[in-house]
Amino acid sequence: MIGMPHPIDNFEKDRDKYRKLAQELGAKRGINTETHNDIGDALRHSFVSGMLARKYTGIISNLAGQYHEFTHPNPIRERNMDIWNNKVGIEKSAIAKDASDLFDLLVKAADSGELITDINDPRTEPKPVNKEEFIPDETVLDHMVMEKFLQKLENLNLDEIFNNKPIQQTPKGN
């Protein structure tokens with residue numbers, strides 16, 4: 001439709017809004033979230049993904065994170081760290097009461113080691129793949145899947161689907 005924003009524009013606006021909110025919440029707690037490959041980076045990634053999950057669902061937040069990593073390639077360990085932390089943010093968003101609570105849950109996740117806060121964490125190491133036994137895990141989207149996702153996304157208007165209202169997620173186990 002002419003004059004309608006592309007869904008990617010909506011993600012980018014929301015991502016930027018949530019990134020700024022992460023800065024504000026972090027500053028209140030003495031944490032700089034504009035750092036790289038450390039606790040600030042982990043909190044920023046997980047918080048933005050969690051907030052996107054609260055607005056669009058965890059599946060769409062995961063795809064948006066995958067899209068970002070696909071279109072802004074980093075070294076493999078950085079990408080693995082970001083994808084891991086995005087996943088934790090999505091999971092925590094299902095139990096958070098609000099944005100501040102989500103941030104606090106993520107700080108606890110960082111303190112407990114659930115978030116990856118160090119690029120040298122063993123969880124960031126690329127895993128060898130035996131092509132005969134390869135079964136992708138939930139954080140892996142290959143090139144063809146991402147290309148199909150991008151093609152479908154071009155024709156998708158998320159505001160129409162969700163009426164620009166947050167989707168309430170039920171915490172796991174309920």
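**Helix packing and a pocket in a predicted model**

Me: At what angle do the axes of α2 and α4 cross?
Reply: In this predicted model, where local features need pLDDT of at least 70, side-chain atom pairs count only at pLDDT 80 or more, and totals for chains, interfaces and linings use all residues, the axes of α2 and α4 come within 7 Å. Residues are numbered from 1 along each chain as its sequence is written, and side-chain values use heavy atoms, without hydrogens or water. Helices are DSSP runs of H or I with at least four residues, numbered from the N terminus; axes are lines fitted to C-alpha atoms over the stretch in contact, with angles from 0 to 180 degrees between N-to-C directions. The α2 and α4 axes cross at roughly 45°.

Me: Are α2 and α4 parallel or oblique to each other?
Reply: Angles under 35 degrees count as roughly parallel, over 145 as roughly antiparallel, 65 to 115 as roughly perpendicular and the rest as oblique. With axes crossing at roughly 45°, α2 and α4 are therefore oblique.

Me: Which residues of α4 meet α2?
Reply: Contact means heavy atoms within 4.5 Å. On the α2 side are D41, A42, H45, S46, S49, G50, A53 and R54. Their partners in α4 are M81, D82, N85, N86, G89, I90 and S93.

Me: How is α3 oriented relative to α4?
Reply: The axes of α3 and α4 lie 10 Å apart, and the packing angle is about 165°. That value makes α3 and α4 roughly antiparallel.

Me: Which residues of α3 meet α2?
Reply: Helix α2 (residues 39-56) and helix α3 (residues 58-71) have axes that come within 7 Å and cross at roughly 135°. That makes α2 oblique to α3. From α2, the contact uses H45, S49, L52, A53 and Y56. From α3 come G58, I60, S61 and E69.

Me: Which element gives the most to the lining of the second largest pocket?
Reply: A pocket is an open set of points on a 1 Å grid over the protein atoms alone, where a 1.4 Å probe fits, with protein on both sides within 12 Å along at least five of seven lines; lining residues have an atom within 4 Å of a point. The second largest pocket is lined by 24 residues, with R15, H45, V48, H68 and E69 nearest its centre. The elements giving two or more residues to this lining are α1 (7-28), α2, α3 and α4 (76-93). The most, seven residues, comes from α3.
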